[in-house]
Each structure stands twice: as C-alpha cells, then as structure tokens.
Amino acid sequence: MKKRILRMMSLVFALTLLALVCAMPAAAMQPVFEPSPSYAESEYYRRLLEVQLTGDPRQDIVNIALSQEGYIEGGMEGDFGGNGRVCNNFSEYGYAMGESGSIWCTSFIWWCARQAGLDSSVFPDTIWPRLLTVNCPYIGYTSTASIQPGDILFVENSGDDTADHLALVIDVTDSHITAIEGNCGHRVCRITYERDIGARADGMGDILYIGYLNYDKDPSVPDAASLAQYALITEDAALFNKHTGGKNQGTVLKGDRYPLLAIRGDGEWCQIELGGLAYWIDSSCAFTGTKQETIDKYFEIAGDNYAHEVHTTAPTSDDTAIIPEAAATETTTTTTTAETTAATTTTEFDSAPMQNEDESKSPIPMETVILAGLALLVLLVLVALIHSIKKTSRKW
C-alpha cells in the first residue's frame, strides 16, 4: 500500500512538472518600455506581448516589427493606440524615444531593436534615416547584393537621390524584396521592391543602400554609437534650407558643434541637425568627424577653453518650420486616414536624434505569476501527501 501511494505521488509530480514546462514559453516577451495608456489598451500591445523571442536577433526584430503591422499614427499627444483617424506623426515609437509628434520611420526600427534586446552598438539612438546617423556597414544597392531578413534599406522617396526613409527587410526572393516600414502612408505596412531594379512595385521609391546591422556583435565591426559624425564650426556660417543655397535661415558660430547628417555637392555642403531641423552649411566653414575628433580639433584651434556642447536650440528665424531638401519622405501635414494609402508620396520632416530612451521595465508578466502559483500549489500538495503517508505509516 505504501509503495502504491509513493508511485502515485511520483506520477502526479512528474505530470505536474511536465505541464508546467509545456506551459512555460521559451522566452516570453517582456516589453522594454512602459507603454502609453492608449497603447497599453491596443491590439498592437497585445500582439507585442504574444511575440515569442527565439534568441535569433534577426528573427526577433522581424517578428516584433510584424506584430505592429497595420498601426496608424495619431493626430495629437496621447493618441498612440494605433487607430488614428487624424494623422499628425504621433506614434508609440516616437513616444518611447521622448519625441512624440516627430517622424518615425527610423524610430520604429529603433523601437523594434530595443524590444528585441539590441542596444545602441547595433542600432543607435537616432530618428534620422541617414548613413551618417544609423552608422552601420552598407553597400550601394545592386540586384546581386547579399540581403536577408533583418537587413535594412535606405530608401529615396523624394526624387533627390538622397536616402530619406528606412525600412526593415522581412523576406527575400529571387524577384522581390519585402520590407516592413514605419510612417509609410502614416502607418506600419509591408512594401514590396522589385529586386532587379531596387524600386518599389508601385514606383514610389528606390533602394539606394543596403545596411547590415551587427547582430552578431562582431568585434571587427565598430560600435554604431561611436561612429556618430559631428560638424565643428570653424568659421561663422550661414544656414540654408538647400544644399544649393536657398533661403538664409540664420547663422551658426565658430566653435559650436552639431550632429552631421549628410554631405552633398562633392563635399561642398554639410547638412547638420539643429533644434530638431536640418540645415545646410558651407563645408569650408566646418571640420567633420566623430565626437572625439571634433573635440580634439577644437582644442587644437582654441586651446583649453572648450565649452561648447551639441546644440539643441534652433537659431532665431522668421522661418522656423522649414522642410529640409534632403529630409523628405514622411508627412507633417494633418490628413484623415480615409485619404491615406500605403502608396502615398509623403514628406519626411526629421527632428533631433533622441537621447531620452525610456528604460523603465514593464511589470512581471502574468504568465510568470501564474506559473509560480502553480508550482507553489504543487509543492503544498506534495507536503500534504507526505504528511498523510507518515500518519498512515504510524497506524501500520
């Protein structure tokens, strides 16, 4: 009798453990950012929580991005639920960066990367879809170039041969490349490119470059965050809204330093970020390099009085809402979703790279709480059975 009870206890214990192991996900999704109230109630947050991390960073970032497919930007602060009827660049992804209301094609990929556990060494803290800000190895697009899910596409949508939109590759065939993109027609959607020519199937954009994120943390590949480029102003310089001159927008002063976005006109013009906007300056008035290189250059020019930091305030100007020539793809105008389609040509108005990543963690997942409770219950049952056996043994 005693042996029979022990066998029954062992069987119950084994079956219970098996059920717990089967019920436990391989790696339950634990969101990195505290969601906004409206997003926390949305289907897109529910989809995010359902993502199962595989341990393969390429697959994980793709799965996370796909969980957000269909998300539509909102029209005002707090409207982050993904079902906006009026669109004005308010997204959960910009909210996570501390810049709701800004364009978000790059911040969408940044958000997916962080949710997949990838830090700034793989994808830096930036919302600018530029080679000099994303800072990953890249090649000019060709139909025979190596490409796979998890790679990124630098896309030109404005007709000026400048990368101004970012997309994440999710599928590759001999004839097509499929990407998922944020802020594409105000939403997260899939876009198909013809592989032979690198153009969107609807003719609304072209792939200029393929970017290769350092998913494997290869030490031979420089840290993306360390490659950020800056422009140190060596002579007072006028600000323009076009690399051909355009309208004078103000002046930057000798000794100031700004994030560098692009270089155009055979090196004659530099595009810098200032106060959330992009401006062009004459390259002869600036020294360009990494943050440390520009600091060293300043000391070389000015001695030990280095006191300038990267500016975040725009100069006084009668025209503070310029649309930079090389910053085109994502709209800043208010439209209704009924007027919006994924094929809409839009204008990207880039704001400053984000530095205020919300690193707050979400509460312990409910699945973990339930499993812990079940384990405790099994333990209590076993203790009760053992106690019962001991009492029975004394009677025998």
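Author: In this predicted model, local features need pLDDT of at least 70 and side-chain atom pairs count only at pLDDT 80 or more, while totals for chains, interfaces and linings use all residues. Residues are numbered from 1 along each chain as its sequence is written, and side-chain values use heavy atoms, without hydrogens and water. A hairpin of two residues joins E10 to E11.

Reader: In what sense do strand E10 and strand E11 pair?

Author: Helices (H or I, at least four residues) and strands (E, at least two) are DSSP runs numbered from the N terminus; two strands pair if DSSP finds at least two bridges between them. E10 (residues 237–242) and E11 (residues 245–252) pair in the antiparallel sense, over five bridges. Lys242 has Gly245 of E11 opposite.

Reader: How many helices and strands does the protein chain have?

Author: The chain has nine helices and 16 strands.

Reader: Which residues have the most contacts inside the largest nonpolar core?

Author: In soluble globular proteins, nonpolar side chains tend to be buried together. A nonpolar core is a set of buried Ala, Val, Leu, Ile, Met, Phe, Trp, Tyr and Cys residues joined through side-chain atoms within 4.5 Å. Here the largest has 49 residues, and Ile61, Trp111, Phe123 and Ile152 have the most contacts inside it. Elements that give two or more residues to this core include helix H4 (57–67), helix H6 (105–115) and strand E3 (152–156). H6 gives the most, with seven residues.

Reader: Which residues does Phe123 touch?

Author: Contact means heavy atoms within 4.5 Å. Leaving out residues up to four places away in sequence, Phe123 touches Thr106, Ile109, Trp110, Ala113, Arg114, Val134, Ile152, Leu166 and Leu213.

Reader: Why does Ser121 count as buried?

Author: Ser121 counts as buried because its relative accessibility is 15%. Ser121 lies in the loop between H6 and H7. Apart from neighbours within four places in sequence, Ser121 is in contact with Lys217, Asp223, Ala224 and Ala225. Ser121 and Tyr215 are 94 residues apart in sequence, yet 9.4 Å apart in space, C-alpha to C-alpha.

Reader: What volume has the second largest pocket?

Author: On a 1 Å grid over the protein atoms alone, a pocket is an open set of points with protein on both sides within 12 Å along at least five of seven lines; a cavity is a set where a 1.4 Å probe fits but cannot get out; lining residues have an atom within 4 Å of a point. Points are joined across faces, edges and corners, and a volume is the space filled by probe spheres set on them. The second largest pocket has about 320 Å³. Among its 15 lining residues, Leu131, Ala163, Tyr209, Ala262 and Ile263 are the closest to its centre. E12 gives the most to this lining, with four residues.

Reader: How many cavities of 30 Å³ or more does the structure hold?

Author: There are three. The second largest cavity has a volume of about 50 Å³. Its lining includes Pro31, Tyr45, Glu92, Trp111 and Gln115, and H3, H5 and H6 each give two or more residues to it.

Note on methods. Buried means under 20% relative accessible area, exposed over 50%, partly exposed in between (1.4 Å probe, protein chains only).
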